[in-house]
Structure formats: C-alpha cells, structure tokens
Amino acid sequence: MKVTGFTDIIKKSPFGPIRAHMLVSKASVDELITFLKSAIDSDWNEAVKSRKVISDLENQADTLKAETRGLLTKSLFLAVPREDILDLIKLADDIPNTVKDISGLMIGRQMEIPAKISSSFLHFAKEAAVISDAASEAVNYIDELFQFSFGGNAAIKMQQLIEKLDSLENKNDQTEINLRAELFAIEKDLPPVNVIFLYDVINKIGELSDRAEQVGHRISLIASR
Amino acid sequence: MEVIALYGPYLLIAGCIFGFFMAWGIGANDVANAMGPSVGAKALTLAQAILVACIFEFAGAYLAGGEVTSTIRKGIIDPVLLADSPELLVFGMMASLLAAGVWLIIASFKGWPVSTTHSIVGAIVGFAAVGIGVESVNWSKVGSIVSSWVISPIMAGVISYLIFKSVQNLILNTKDPFDNAKKYVPGYIFLVGFIISMVTLLKGLKHVGLTLNFQESLTYSIFIGIVIALLGSLILRRVENTYEKRGDVVFDGVEKVFGVLMVFTACAMAFAHGSNDVANAVGPLAAIVSVIQSGGEIASKSTMPWWILLLGGVGIVSGLAMLGYRVIETVGRNITELTPSRGFAAVLAAAATVVLGSGTGLPLSTTHTLVGAVLGVGLARGISAIDLGVVGRIIVSWVVTLPVGAGLSILFFFTLKGIFS
C-alpha cells in the first residue's frame, strides 16, 4: 500500500549532484597535474593511464550533469532560479571537458614540454587546481547557505569564499602572462607547430581557472537573489 | 420505524464496527503526516513518535473532537427533515462510512492522495441530496466547509511563511544563530502550547462538562503556554552546540535546537489531527447511535454519548500502533530535505490552522493544510525544491473525491435500503 502525503511535494535538492559534480571536476584537474608530470618526463605509458582516469571522470561528470537536469523538472518550484542552476552546471561541466581536451591533445601529439619552462608550466597548472578546489569549496558551501536561508554569517562566509576565488584567479592570470613570456623567449628555437600547440594548451589551462571563477560568480549571484 | 425496532442493535453494532475501522484506517495512514517530519528530522525515534502520537491523537480526539463530530453528525444534513423516516438517516450514515472506507482503500492502493475528510463529506452530501432530497442538505454549511478547504491551505501557508520569516530574522540570519535559537525557541514553544490550549479550552471541552468563557480560557492558556515553554527551556539547557562536518563544510548546531522545538510541534500536530479527523470516523456513527438509542427519534438536541469519541480515539491509536510505524518510517525517510527549522514552521502553522478548524467545527484535510504550510516555507526560500506537479495532483484528487464519495454512498444507501425494506 502506497501512502501519499504532503511530504511528496518536497523534492531532492538539485545541489547534491552539483556538489558531487564539482568534486569530480576537482579530481579531474588534480589528475591533470599527474598527467602533466608524466608528460614532462615523456613517460607516455603513465600519461595514457592518467588520460584513462580523466576520461572516466569526464563520463562521471556527464552523468551527474544529466542527473541534475533530471531533478530540475518544469513543475519544480525552486528557492533559486532554475536558469541559474542550469548555468552553474553548464559552467562547471566545462572543467572536466577541458581537462579531457588538454590530455587528448597532448597525448595525440606526444607533446614535449621544453625543460626551460616545465617548472613554470607545472606551477601554472597547479594554481588552476587550487582554484578549482576553491570553487568546489564554494559549491559545497551552498548547503550551509541554505541552512541559514541565504543570510547572516553564511552569506558573509560565501562572499569571502568568492573573494578568495577572485584573488586566486587574478594571481593565476599573472602566472599565465609570465609563462607566455618565458615561452616567447624560447619559441624561435622550437618547431613552430609545437609552439602553436603549447600556446593552445596554456590557453586551455587558463580556461580552467576562468571557468572555476565563473562558477563562483554564478553562486554569488544565486546567493544574492 | 419498525426497521429500527427490529434491527436496531445489529445496525448499532455494524455502525460501531464501520466507525472503528475508519478510525483505524485514519490512525494507520494519516498520522504519518503528523509524525513523519519529526522522525525524518531525527527529532524523535520511531518508538517515541508512536508513543507521542498515541497520547496526543487520543487527547485531541477525545478532548477537542466534539465540534467537528457534531458538524458531520448534524451540520451537513438537517435531521429534522428525516423525523418521519429515521431509518434513512441510519442507512445513509452507514453508507457514507462504507463509501469513504472503500474509496480510501482503493486510493491507498493506487497511491492517490485522497483526503478522508473530503470522502466523508462528499458521501454524506451525496446520499442526502440523491437519496432523500436536495433540500435536506444544509447547503450554506456545505458551502462554508468547502470554502474552508480552499482557505485552510492558504492560511497555513501564510502562517508558515510568517513563522519561517521570523525564524530567519531572529535566529538564522544573525551573528550567533545558536545562541539566538536558544533564546527565542522557548517563545515558539509558548506559542504552540498557547494556541492548542486556547482553541481546546474555548471550544472543545463542552462535552467533558467544562465550559469556560473567553477570559478564563485566555488566562489558562497563557498559563499552560508558560508551563510548556519552561519545560522546553529545561530541555534546551542540555542542548550543546556541536558542529557537524559534512564534506568540507561545517554545520552549525542550530538545527539541534529546532529539533527540540519539533518535538513540541509534533505533539501539537498529533493533537490537531486527532481533534479534526476523528470526526470522519465517528461523526456518522454518532448520528446512527443517536437515532437508534432514542428508539427512532431524531433528537438533534441530544448530546453525544461520551463513548463515541472514546471509540474513535481508541480506533486511531490501534491503527497507529499496528501499522503506523511502517507508514511513519516511509514518510520520515522521504523527507530529509525538511530540516527541523523548516519542519517546525510548516507543522506548527498546519497544526494551528487545523485546531482552529476543529474549534469552529470545520472538517479540514490535514494533508492539504500541511501541503499549504510547506509551500509557505518554500516561498520564504526555506526549501530548495518543491514539486508543484504533486500539488496539482492533490487538487485534482480533491475534485475527484467528492463525486466518487457521493456516488459510492448513493449506491450503498439504496442497497441498504433495499435489503431492509
């Protein structure tokens, strides 16, 4: 016998799968670091293994994205605008996709990273990982924001998290500029096609940080409405 | 007349069995609505919830169930018009109980959200309008009952919205949510005790032989409210602010304070539910009993025998004790999204609305009132996601239940009439 009571109108919060999605994104950026280390060492066997992990994580992220969208049926009355949640998940989903692109590109071309810039390169990627970590923290904090219904200490704390994210991203922008300058200084000694793709990879890693920052901004928009 | 003289005792026993079965069904099914949130929020264990529900459902049914019972018994149809053929009233009320019972069983199996209240009111109006005559129905009373079905969810929604907004402003959106919760929650507990005792004292206790005027009721209710609030403060003193870590985020212990509050609102909801829904089972029975006991006289002035509410109370409690645990568990598990601070706002608003209905003799649907209350909290951005599709289904079932209840009771009415004459 099935009982239908008033409790049936309360649906699962869509933020559960979003949080899980963000954790997956974070894990994929972390795996990218491992991948880059292998690439710098030209250890392509290890790199392929990392690439497999990244690809699996991307699949997981897709599943979670679909789950979130499935929770957002038309008849749902939400405490935050549906469009904002859809935007949030779309932005967040770019992160594992970009990570997959980067790893695919580098494996496909067996890209060598010049020894002169390898440490700066790794540093730049690690910063991107820190930023996605901060974004994941902000996503996690949405629950707390809900508990205190978007006000009080929780809102202040969220603002701080977003500010931290912004300053990390600014720092990362500067790192990107420096890395490009280093590459520029040595580019005439490298095969031109390789250089083009190196710039492309740098661009894509920069995108990771941009996306993470945008996730933060979307959350602060959700929080302030 | 001869029918009553001949078959009186059998009809009486059959009526008691039907009435008891209805009460049993109400206890087994609907009580979950009152207790589910507390179990889901882990404010009460399942065993505690059953115990609390038993005590307060019974108290509500016995102490405050009189007004609504009398509405069902003699408010919807005018018994005086049936003075010449009292057996029709007996058949009709019996048919209504059967119709509502059968419809509820069907609906429960299908998982449709039907309301006992709507079934029984539809059934009574149905047999009276078709079996006896359109003029036998007190249409103005029916009108006020139906409008109360529209107003009660809205009212509960407005109250829960205001309660939750006040929680936001006084507690959640402050610097020290935990300390402020400890400070203000006894105030909410006072409100719980005050509202329930006010309505009960003012309206409900006539049949127990206690009649208080407004001034006396107010004084006693304030006193009861203060006593309950003090009790709450004593319990709250033992609640400590423990932080809970979930993932990377630390949660403040403020919900624990609301957990204590929820125990009180759960009691209030059980009381309110008992006071309003017992009538769905024993209202028709009361009508049957009064006809048969007076030997076929339709005595609308006679008071209701005390044991009828007792029977209803015992029926609810036994249904609750036998099957309630399963339903409460299921409902409780489904609503982890409803934290204590939200749950209490919704449940308190619903309980206040339902008790008010009980006091004024209006049979309301507890489920629908709770739906309204949850929507109110949702509007205050307290709940992340509410399925309006379910709300739509509930409204549809609301509309469908009335004609189905009426149709079934007409069928049973003519069957009974055919058998006995």
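Does Ser42(A) count as buried or exposed, and how many C-beta neighbours lie inside 10 Å of Ser42(A)? With 12 such neighbours, Ser42(A) counts as exposed. The views below come from a predicted model, in which local features need pLDDT of at least 70, side-chain atom pairs count only at pLDDT 80 or more, and totals for chains, interfaces and linings use all residues. Residues are numbered from 1 along each chain as its sequence is written, and chains are lettered from A and ligands numbered from 1 in the order in which they are written.

**View 1. Overview of chain A.** Chain A holds 6 helices and 1 strand, where helices (H or I, at least four residues) and strands (E, at least two) are DSSP runs numbered from the N terminus. The order of these elements from the N terminus is α-α-β-α-α-α-α. The C-alpha trace of chain A spans about 70 × 40 × 20 Å along its principal axes. Of its 225 residues, 46% count as buried; a residue is buried if 20 or more other C-beta atoms lie within 10 Å of its own, exposed if 12 or fewer, and partly exposed in between, with C-beta atoms placed from the backbone.

View 2. Helix α2 (residues 44–71) of chain A has 28 residues. From first C-alpha to last it reaches 40 Å, close to the 40 Å expected at 1.5 Å a residue, the expected span being 1.5 Å times one less than the number of residues. Among the buried residues of α2(A) are Ala47(A), Ile54(A), Leu57(A), Ala61(A), Leu64(A) and Leu71(A), and also Arg51(A), Glu58(A) and Lys65(A). An α-helix has 3.6 residues a turn, so residues three or four places apart point the same way. The cover over the buried residues of α2(A) includes α1 (15–40) and α3 (82–109) of chain A.

**View 3. Two positive phi values in loops of chain A.** Most residues other than glycine have a negative phi. Ser42(A), in the loop between α1 and α2 of chain A, has a positive phi near 55°. Gln110(A) has a positive phi of about 45° although it is not a glycine, and it lies in the loop between α3 and α4 (115–147) of chain A. Gln110(A) counts as exposed because it has 10 C-beta neighbours inside 10 Å.

**View 4. Packing of α5 against α6 in chain A.** The axes of α5 (residues 152–186) and α6 (residues 192–224) of chain A come within 10 Å and cross at roughly 165°; axes are lines fitted to C-alpha atoms, for helices over the stretch in contact, and angles run from 0 to 180 degrees between N-to-C directions. α5(A) and α6(A) are therefore roughly antiparallel, a term for angles over 145 degrees. Residues of α5(A) including Met158(A), Ile162(A) and Leu165(A) meet residues of α6(A) including Leu198(A), Ile202(A) and Gly206(A), contact meaning C-beta atoms, placed from the backbone, within 7 Å. By class, this contact of α5(A) with α6(A) has 9 nonpolar, 6 polar and 5 charged residues; Ala, Val, Leu, Ile, Met, Phe, Trp, Tyr, Cys and Pro count as nonpolar, Asp, Glu, Lys and Arg as charged, and the others, Gly among them, as polar.

**View 5. The contact between chains A and B.** Chain B gives 43 residues to the contact and chain A gives 33. On the side of chain B that touches chain A, the largest share, 5 residues, comes from α13(B). The residues of that side divide into 21 nonpolar, 17 polar and 5 charged.

Note on methods. Two residues are in contact if their C-beta atoms, placed from the backbone, lie within 7 Å. Angles under 35 degrees count as roughly parallel, over 145 as roughly antiparallel, 65 to 115 as roughly perpendicular and the rest as oblique.
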